[in-house]
Amino acid sequence: MHFSMTSEGSYRIFAGAVCAQHGDGFVAVVVVNRLHGNGGAPREAYRDEMLAGGHRWPSPEAARLYAAAKAREVIRMEQHRLAC
């Protein structure tokens, strides 16, 4: 597993790449937490463990970049998909 963490406004993005089944590339995954959820504690707002329908990326960097970009897109343009 390869993960990176970034912030976007009041959200923290955990973008990752996990080895695809049978070792043929990497699948992009993302978790977005709202930094100040109910009670002040971070709370999960969005998760997708099979971005792009499980598309296999050739490198972990490519998968992570896609995951981070998708998370920013959801935060900026599709807030109805966020749980909080």
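Which side chain makes a polar contact with the side chain of R34? Keep that in mind as you look around this predicted model.

**Stop 1: the sheet.** Select the strands. You'll find an open sheet of four, in the order β1-β2-β3-β4, with antiparallel pairing. β1 (2-8) and β4 are the edge strands: each has a single partner, so one side of each has no neighbour in the sheet. From one strand to the next, the twist averages 20°.

**Stop 2: β3 and β4.** Now pick out these two strands, which pair in the antiparallel sense over five bridges. Click on N33 and look across to β4: its bridge partner there is E44.

**Stop 3: the core.** Next up is the largest nonpolar core, with 19 residues; I13, V30, V32 and Y46 have the most contacts inside it. The elements giving two or more residues to this core are β2 (11-19), β3 (26-34), β4 (43-48) and α1 (60-77). α1 gives the most, with six residues. Zoom in on V32: beyond its neighbours within four places in sequence, its contacts include Y11, I13, Y46, A71 and I75.

**Stop 4: back to R34.** Select R34, which sits in strand β3. R34 is partly exposed, because its relative accessible area is 28%, a value between the 20% limit for buried and the 50% limit for exposed. Show side chains and you have the answer to the opening question: the side chain of Y11, at 2.9 Å. Finally, select R76 too: the C-alpha atoms of R34 and R76 are 13 Å apart, with the two residues 42 apart along the chain.

Methods: Residues numbered from 1 in each chain as written. Predicted model: local features only at pLDDT ≥ 70, side-chain atom pairs only at ≥ 80, totals over all residues. Heavy atoms only, no water. Core = buried A, V, L, I, M, F, W, Y, C linked by side-chain atoms within 4.5 Å. Buried < 20%, exposed > 50% of the residue type's maximum accessible area, 1.4 Å probe, protein only. Contact = heavy atoms within 4.5 Å. Polar contact = N/O pair within 3.5 Å; in protein donor to acceptor, adjacent residues only side chain to side chain. Pairing = 2+ DSSP bridges. Axes fitted to C-alpha atoms, helices over the stretch in contact; angles between N-to-C directions.
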